[in-house]
Amino acid sequence: MTLFDSLILGALEGVTEFLPISSTGHLILASQLLGLQQTAAHKAFEVSIQLGSILAVLFLYAQRLLQDKTLWFKIAIAFLPTGALGFLFYKHIKALFGVETVSIMLVAGGVVFLIIEYFRRDKAIDEGKDLSELTVKEAFTIGFFQSFSMVPGTSRSGATLIGGLFMGLNRKSAAEFSFLLAIPTMFIATAYDLFKHRNELVVDDWTMLIIAFVTAFIFAFATVKAFVGFVSRHTFVPFAIYRIIVGVIFFYMVTELPA
């Protein structure tokens with residue numbers, strides 16, 4: 001992996017992690033274009049640089065988290081479905097990592113967003129409950145939605161946003177809970193992957209990992225702030241269309257490329 005590869009992957013992780021377009025999927029697709037093989041170590045690298053994005057969210061929402069202990073409890077409850085299923089099916093999930101799966105799930109997720117927006121077409125953009133009104137049961141249900149994102153290309157952010165909308169949150173609150181739920185989910189996934197592949201990450205990998213980590217933090221910080229402002233005024237339709245277009249293009253490329 002070169003410095004250029006590391007910067008590209010770090011920037012891509014930071015921009016896509018909190019958008020409903022699948023950061024894991026984009027990292028897999030980008031790695032394919034950069035000629036980087038999906039080895040166990042590289043998969044661990046892709047997961048590990050997400051830690052930079054987590055820190056960006058912690059930095060932005062530190063004050064709110066310190067002031068609202070109830071919110072921490074809801075986040076912990078919401079993490080349980082993904083945590084349990086991820087632990088039980090870790091090997092099976094890793095086997096799904098591939099461009100074909102990503103392409104299909106990008107399209108499928110885009111279609112789901114279009115359907116949701118169709119049924120919400122008569123509602124005001126900011127209609128729905130505030131994050132403070134979210135119940136523990138509803139938080140757990142959103143966590144169940146997040147568990148679907150273990151399939152590459154689904155998008156953790158996308159799954160939790162859909163869950164939040166189904167639970168009656170307004171778009172801004174659904175986005176913010178999605179950001180916050182990423183903290184335990186991504187941190188534990190990162191720590192577990194690093195532990196599992198600790199013998200495969202050599203010194204050079206750690207250097208590139210740090211570079212990608214810092215890049216991801218910077219881009220995630222900017223993206224989260226911009227995304228909250230965007231969803232306060234707009235629907236998710238642009239992201240749905242983007243998912244479908246990218247999914248179709250990459251699926252066509254994969255099926256047309258010689259083995």
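Select arginine 120 and show what surrounds it: leaving out residues up to four places away in sequence, Arginine 120 touches Glu127, Leu165 and Arg171, where contact means heavy atoms within 4.5 Å. Arginine 120 sits in the loop between helix H7 (99-119) and helix H8 (136-147). Helices here are DSSP runs of H or I with at least four residues, strands are runs of E with at least two, and both are numbered from the N terminus.

This is a predicted model, in which local features need pLDDT of at least 70 and side-chain atom pairs count only at pLDDT 80 or more, while totals for chains, interfaces and linings use all residues. Residues are numbered from 1 along each chain as its sequence is written, and side-chain values use heavy atoms, with hydrogens and water left out.

Glutamate 117 is buried at a relative accessible area of 7%, and arginine 171 is buried at 2%. Arginine 171 is also one of the residues that arginine 120 touches.

Side chains of opposite charge can pair when their charged atoms come close.

Move to arginine 64 and glutamate 176. Arginine 64 lies in helix H4 (residues 50-67) and glutamate 176 in helix H10 (residues 171-196), so the pair ties together parts that are 112 residues apart in sequence. Arginine 64 is partly exposed, at 29% relative accessible area, whereas glutamate 176 counts as buried at 9%.

Lysine 129 is partly exposed, with a relative accessible area of 21%, and glutamate 138 counts as buried at 17%.

Go back to helix H4 and pick leucine 51. Leucine 51 is partly exposed, with a relative accessible area of 23%. Apart from neighbours within four places in sequence, leucine 51 is in contact with Phe187, Thr190 and Phe213. For a distance check, draw a line from leucine 51 to valine 237: the C-alpha atoms are 28 Å apart in space, and the residues are 186 apart in sequence.

Serine 22 has phi near 75 degrees, a positive value in a residue other than glycine. Serine 22 lies in the loop between helix H1 (3-16) and helix H2 (23-34), and is buried at 2% relative accessibility. Serine 155 has a positive phi of about 90 degrees, although it is not a glycine. Serine 155 is in the loop between H8 and helix H9 (156-166), and counts as buried at 4% relative accessibility.

Finally, zoom out to the whole chain. The chain has 12 helices and zero strands. The radius of gyration is 18 Å, close to the 18 Å that the globule rule gives for 259 residues, so the chain is as compact as a globular protein of that length. The radius is taken over C-alpha atoms, and the rule is 2.2 Å times the number of residues to the power 0.38. Along the principal axes, the C-alpha atoms fill a box of roughly 45 × 40 × 35 Å.

Colour by burial: 50% of the 259 residues count as buried. Of the contacts with a separation of 6 or more, 84% come from residues 24 or more positions apart.

Methods: Buried means under 20% relative accessible area, exposed over 50%, partly exposed in between (1.4 Å probe, protein chains only).
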